[in-house]
Amino acid sequence: MWQYVIKRLLLMIPTLIGAAILVFFLLRAIPGDVCEIKLAGTGLYVDQAQIDICRKDLGLSQPLYKQFADFIVGLATFDYGKSMWTGRPILQEIGLRFELSLQVAIMATITSILIAIPLGTLSAVYQNTWIDYIVRTFSIAGIAMPSFWLGILIILGLLTFTQHWFGAPWMPPIEYRSLWTDPWHNISQLIWPALATGYRYSAVATRMTRSSLLEVLREDYVRTARAKGLIEKVIIRRHALSNALLPVVTVIGIEFAFLMGGLVVTEQVFNLNGLGRLFVDSVTNQDFSMTQYLVMLVVMIFVLSNFVVDIMYAWLDPRIRFS
Amino acid sequence: MPTTSEVSAQAARIQLEDLAERPSLMSSFVRFLRKQPLGSVGLFIVALMVVVAAFAPFLSSYNPIENSFESMLQAPNIAFLLGTDEFGRDVLTRIMYGARTALLVGLVAACIGSSIGLVLGVASAYFGGRIDLIFQRIMDVFMAFPLIILALAVVSIFGTGVQNVILAITIPFIPRCARVVRSSALAIREMPYIDAARANGFSNTRIILRHMVPNVMAPFLIMLTASVGQAILLEASLSFLGLGVQEPTPAWGLMLRNAQDYIESASWVAIWPGVAITLAVFGFNIFGDAVRDALDPRLRSE
């Protein structure tokens, strides 16, 4: 087992280094830089000298290999430096928003599990009946529906509903408060984006639960359980589901990483100041330092969650570690 | 030992029998409709979208781009079936022209991305060894980026607009297709006919393109059809963020972006473009699923 863990850990290193190289040079290929945008924003006449000074201050005039070395050293030592746009430390800027995005991601994952496992089970147990068809349509629709549109519909629904029943339109609060200081405020703001993304992400997990359960239900040991007269409920809960959920765990784990990317769009709809918003802003402002560390953060979360999923998989299924 | 003419006569006969037994295009189409009812719905939606996109100027008399300030934000009525937007443009007309953008971006990005992935994946499997290993690590790097993050990075380099959006969507699709194609190409590499081709002294390019590529068509087509819906969704997301297709080009995601400001007063601008996106992606996805079932029954349970 340990051999497998170490092998998987070592395999992450070239991926991360490759991603760092890719991100760094992709960003440097962009015509123009943060200085031009910053100075153009002041609306005053800008001459080349000012741009040069700005570039020098931000370290953009240094040779590429030196900038790259700084970037890698920064990544390895968690010394991310300052945002080229706001001038504030990057760790601080990310820290401010990380809690919000992480909370939405966790809530969305919980939502998708709560949708996927019961629905997937229903659809497998009642295979090819109308229940199955309804569940499958529901989950295919989840993949087809853009989460930002679902978000717009949720806001629209809230507005119409509260207007009709309470006489005044209600919108989720815009200002963020931590779950620990004001839980009610926090939940009433973040539950909607979590629902919108969670529904979308439940679709894949629902299909996975269904197909994997269908497969397990055909196994011999399930037939044995039936033959010895166990109730169908017990067979499904105790015997079948526990084995069928393995691939579902994988899918949910991988999706958690994708959630971080998916939030880019959802945060925009709900006006949330999270990592996704920060990412879009820093891309628009060509804030290289911020963008590169943010992308690396997402990549690291992605690679790490893949790693954790693989380890869990190997732990649950010994055949994998020995192959 | 048979003479050459005998052999060629036999070959011709086999070919004729082959042709006779092969079902006509029409009958296999009918079989598809009967066996894949859900897929047929998808095919119908896709066909509808193509027709609307192709004949948009004949289906609507309004201009999708020109502003008309006397008819701003009108609720749906007889003249404007789905209402008008904040520039007085007919929403239905813009949705119809938007189908052009969606189809163009979706089809072109999916086709180019999957085709490059096809060739790269097959080549990687064919050469094997160190080349394959390095190639796999490079694909790992690209796969470590969520789709939209990579697409956003590409857009930020090349800028917005239809062509750049196509490019931005094509690039993340390449490794995804390459990986799937490679795994089936690995099995094909071991086939005797590849050895035979090599023994004949054919060049690597010829073996890859003429002998291996045609035999991984099933996974390739599956990836291709699955990608179109995803590409349409990705284009809509980019445009929604303001980093995709730009005004005044009609695009569904862009329409929703503008609609955000009018949710309370004009809900129709926020509803119908979303319906169009959902329907289009739904259509391509269930059509893709049906193609997958038809091409590869082993994958059906997935």
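Which hand does the crossing have where H8(B) passes H11(B)? It's right-handed. Keep in mind that this is a predicted model. Helix H8 of chain B covers residues 162–189, and its axis comes within 10 Å of that of H11(B), crossing at roughly 155°. Angles over 145 degrees count as roughly antiparallel, so that is how H8(B) and H11(B) lie to each other.

On the H8(B) side, the contact uses Val165(B), Ala168(B), Ile169(B), Phe173(B), Cys177(B), Val180(B), Val181(B) and Ser184(B). Facing them from H11(B) are Pro219(B), Phe220(B), Met223(B), Ser227(B), Ala231(B), Leu234(B), Glu235(B) and Leu238(B). Sort the residues of this contact by class and you get 13 nonpolar, two polar and one charged.

## H7 against H11

H11(B), residues 217–240, also packs against helix H7 of chain B, residues 147–158. Here the axes are 11 Å apart and the angle is about 55°, so H7(B) and H11(B) are oblique to each other. This crossing is right-handed.

The residues that meet are Leu147(B), Ile148(B), Ala151(B) and Val155(B) from H7(B), with Leu234(B), Ser237(B) and Leu238(B) from H11(B).

## The nonpolar core

What about the largest nonpolar core? It has 163 residues, and the members that touch the most others are Val122(B), Ala151(B), Ile169(B) and Ile232(B). Two of these names have already come up: Ala151(B) in the contact of H7(B) with H11(B), and Ile169(B) in the contact of H8(B) with H11(B). Helix H5 of chain B, residues 91–127, gives this core its largest share, 17 residues.

Val122(B) is worth a look in the viewer. Skipping its neighbours within four places in sequence, its contacts are Val181(B), Ala185(B), Ile208(B), Met212(B), Val213(B) and Val216(B). Val181(B) is also one of the H8(B) residues in the contact with H11(B).

## Where the chains meet

Now for the interface: 37 residues of chain A are in contact with 35 residues of chain B. On the chain A side, the helices that each supply at least two residues are H1 (2–28), H6 (130–144), H7 (147–166), H8 (183–217), H10 (232–269), H11 (275–284) and H12 (288–316).

How do the residues on that side of chain A divide by class? There are 31 nonpolar, five polar and one charged.

Conventions. Residues are numbered from 1 along each chain as its sequence is written. Chains are lettered from A and ligands numbered from 1 in the order in which they are written. This is a predicted model: local features need pLDDT of at least 70, side-chain atom pairs count only at pLDDT 80 or more; totals for chains, interfaces and linings use all residues. Two residues are in contact if their C-beta atoms, placed from the backbone, lie within 7 Å. Helices (H or I, at least four residues) and strands (E, at least two) are DSSP runs, numbered from the N terminus. Ala, Val, Leu, Ile, Met, Phe, Trp, Tyr, Cys and Pro count as nonpolar, Asp, Glu, Lys and Arg as charged, and the others, Gly among them, as polar. Axes are lines fitted to C-alpha atoms, for helices over the stretch in contact, and angles run from 0 to 180 degrees between N-to-C directions. Angles under 35 degrees count as roughly parallel, over 145 as roughly antiparallel, 65 to 115 as roughly perpendicular and the rest as oblique. A crossing is left-handed if the near helix is turned anticlockwise from the far one by less than a right angle, and right-handed if clockwise. A nonpolar core is a set of buried Ala, Val, Leu, Ile, Met, Phe, Trp, Tyr and Cys residues joined through C-beta atoms within 7 Å. A residue is buried if 20 or more other C-beta atoms lie within 10 Å of its own, exposed if 12 or fewer, and partly exposed in between; C-beta atoms are placed from the backbone.
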